[in-house]
Amino acid sequence: MTDKLENYYSDYDYGNRKPLKIELEDLSEREQDLLIKSDVFCMLPWIHLHAYPDGRAYPCCLAKYENHVGSLRENTMEEIWRDKPMQDLRENMLNEVKSDVCSKCYEQEANGFFSMRNSSNQTFGHHIKTIDSDEFKIRYYDIRFSNLCNLACRSCGDVFSSNWVKEAKRMNWLKQDHPNVSYAGRYKTDAWEQLLPHIPYLEEVYFAGGEPLMMQEHYDLLKELLRQNRNDVKLVYNTNFTELVFKGESVLPLWNEFECVSIGASLDASYERAELMRHGTVWTQTVKNREEMLKVCPTVDFYVSSTLSIMNSYHLPDFHREWIELGLLRPMDWNINILQSPEYYRIDVLPDVMKQEVVEKYNTHIEYLKPVDEFSRASKGYMAAVNYIINTDNSKHIPDLLDKLKTLDRYRNQSFFATFPELERLQDYDR
């Protein structure tokens with residue numbers, strides 16, 4: 001492991017809720033309880049605001065879709081941050097009152113995942129002293145500039161993909177005057193302009209989309225951070241990893257300019273499975289991109305952030321092991337992003353007999369990982385996935401799943417079950 005990566009991982013302990021940048025003796029008992037013991041408290045509503053490309057604002061990117069707290073099409077970030085929904089959420093957190101908007105984190109924690117809430121308290125817990133302040137300073141930035149994207153993934157939709165908008169129009173799912181590309185703010189450059197005053201306070205930026213590596217704003221922000229000597233800002237990505245060059249410029253040398261960059265590649269499967277699940281993918285190019293990254297910026301952290309759904313349920317361990325054996329990543333460079341919605345794509349939609357097959361496969365993979373998964377992120381992710389599979393029964397959604405698969409097959413001239421024959425038995429449960 002390189003010195004740069006050793007520094008990155010030196011304080012990393014997956015599953016440990018202790019904050020990374022402040023000592024426990026510097027925290028009051030109440031502060032320790034909130035950060036480490038609480039089942040409700042999250043640091044993010046004090047230091048962050050999230051927004052979709054359509055402007056809907058949330059406390060974070062994992063918040064329930066229905067529970068937006070405002071719209072950046074109508075108000076500024078600060079106005080929403082100070083408005084009653086966010087104030088009520090912060091008050092609930094301080095009083096150990098659960099909020100429906102945070103239910104995805106609660107569900108993840110109940111199944112053994114290290115939730116975004118826990119991760120945020122670990123990463124940003126040193127700001128606990130600010131919970132009684134009304135100062136608006138964005139420390140963690142995650143506002144999706146737009147839905148610009150070159151793919152139309154099966155588990156995505158028009159909110160996050162301009163390519164999905166084009167398809168939805170052709171299928172008459174959206175009105176023809178619906179814009180292909182949506183922007184988060186009141187006008188195209190609004191979100192970018194509101195971010196600029198917060199650059200001196202930024203500690204971490206999370207780039208997602210759409211596809212961030214296709215967005216002008218992404219490159220503008222990297223260059224502005226470098227201009228202001230803020231190469232200490234941590235950059236984290238969720239990217240489909242299909243495009244590393246924008247207007248003739250490769251992003252790889254830019255990443256080398258920053259102290260800490262973490263690339264989470266949204267890859268769910270390989271070869272034809274990848275090309276069907278993430279429609280528009282050219283798998284050979286994805287592999288070439290990873291090989292090029294290893295040559296140009298080998299010290300930049302890379303991991304696969306795979307969305308685990310019913311679609312890739314049987315083959316995710318195979319894909320993981322394949323990339324380990326190809327030398328494209330280390331065993332621990334793997335994160336399971338469990339799909340929680342749409343409900344018909346959840347892995348717990350599998351009928352019992354198929355659940356048992358998947359569980360057996362995951363348990364075998366976990367045993368393979370344990371001796372080589374240095375920080376246990378990957379193995380704990382699979383263990384939590386096993387809990388998620390067996391704890392609930394959502395097989396009632398099988399008819400909805402089959403209807404969705406058939407609709408996209410018909411429109412895209414594809415055959416899902418020819419590519420994923422192990423799931424063909426699901427048709428026997430369509431009652």
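Q: Where is P342 found?
A: In this predicted model, P342 is found in the loop between β13 (334-338) and α15, and the bond that joins S341 to P342 is a cis peptide bond, with omega about 0°.

Q: Which other residues does a cis peptide bond join, and what is omega there?
A: G209 and G210 are joined by a cis peptide bond, with omega about 10°, and G210 lies in the loop between β6 (204-207) and α10 (216-227). Such bonds are worth a look because most peptide bonds are trans.

Q: What makes phi of E96 worth noting?
A: Phi of E96 is near 60°, which is a positive value in a residue other than glycine, whereas most residues other than glycine have a negative phi. E96 lies in the loop between α5 (84-94) and α6 (103-110).

Q: Why is E96 called partly exposed?
A: The relative accessible area of E96 is 40%, and the class in between runs from the 20% cut-off for buried to the 50% cut-off for exposed, so E96 is partly exposed.

Q: Why is N413 called exposed?
A: N413 has a relative accessible area of 73%, and exposed means over 50%, so N413 belongs to the exposed class. N413 lies in the loop between α17 and α18 (416-419), and its phi, near 55°, is likewise a positive value in a residue other than glycine.

Q: Why are α8 and α17 called roughly perpendicular?
A: Helix α8 (residues 162-170) and helix α17 (residues 398-412) pack at an angle of about 85°, with their axes 12 Å apart. Angles of 65 to 115 degrees count as roughly perpendicular, and α8 and α17 are therefore given that description. Across the contact, W164, E167 and R170 in α8 meet L408, Y411 and R412 in α17, and by class these residues are three nonpolar, no polar and three charged.

Q: Why are α14 and α15 called roughly parallel?
A: The angle between helix α14 (residues 316-325) and helix α15 (residues 352-369) is about 25°, and their axes are 9 Å apart. Angles under 35 degrees count as roughly parallel, and α14 and α15 are therefore called roughly parallel to each other. In passing α15, α14 makes a left-handed crossing. The residues that meet are L316, P317, D318, H320, R321 and I324 in α14 and K361, Y362, H365, Y368 and L369 in α15, and they divide into six nonpolar, two polar and three charged.

Q: How do you know that strand β10 is mostly covered?
A: In strand β10 (residues 261-265), five of the five residues are buried, where buried means under 20% relative accessible area. In a regular strand the side chains alternate between the two faces of the sheet. In β10 both faces are covered, with V261, I263 and A265 buried on one side and S262 and G264 buried on the other.

Q: Which strands pair with β10, and in what sense?
A: Strand β7 (residues 234-239) pairs with β10 in the parallel sense over five bridges, and N238 has G264 as its bridge partner in β10. Strand β12 (residues 301-308) also pairs with β10 in the parallel sense, over four bridges, and there I263 has F302 as its bridge partner.

Q: What makes β3 and β13 edge strands?
A: The open sheet has nine strands in the order β3-β2-β1-β4-β6-β7-β10-β12-β13, with mixed pairing, and β3 (70-71) and β13 each pair on one side only. The pairing of β13 with β12 is in the parallel sense over five bridges, with S306 opposite I336 in β13. Helix α16 (residues 377-391) packs on the sheet and touches β12 and β13, and its direction makes about 25° with that of β13.

Q: Which residues of α6 are buried, and what covers them?
A: The buried residues of α6 are K104, C105, Y106 and Q108, and what covers them includes α7 (116-124) and β13. Just after α6, G112 takes a positive phi of about 95°.

Note on methods:
Residues numbered from 1 in each chain as written. Predicted model: local features only at pLDDT ≥ 70, side-chain atom pairs only at ≥ 80, totals over all residues. Heavy atoms only, no water. Axes fitted to C-alpha atoms, helices over the stretch in contact; angles between N-to-C directions. Helix = DSSP H or I, 4+ residues; strand = E, 2+ residues; numbered from the N terminus. Parallel < 35°, antiparallel > 145°, perpendicular 65-115°, else oblique. Contact = heavy atoms within 4.5 Å. Nonpolar A, V, L, I, M, F, W, Y, C, P; charged D, E, K, R; others polar. Left-handed = near helix turned anticlockwise from the far one by under 90°. Buried < 20%, exposed > 50% of the residue type's maximum accessible area, 1.4 Å probe, protein only. Pairing = 2+ DSSP bridges.
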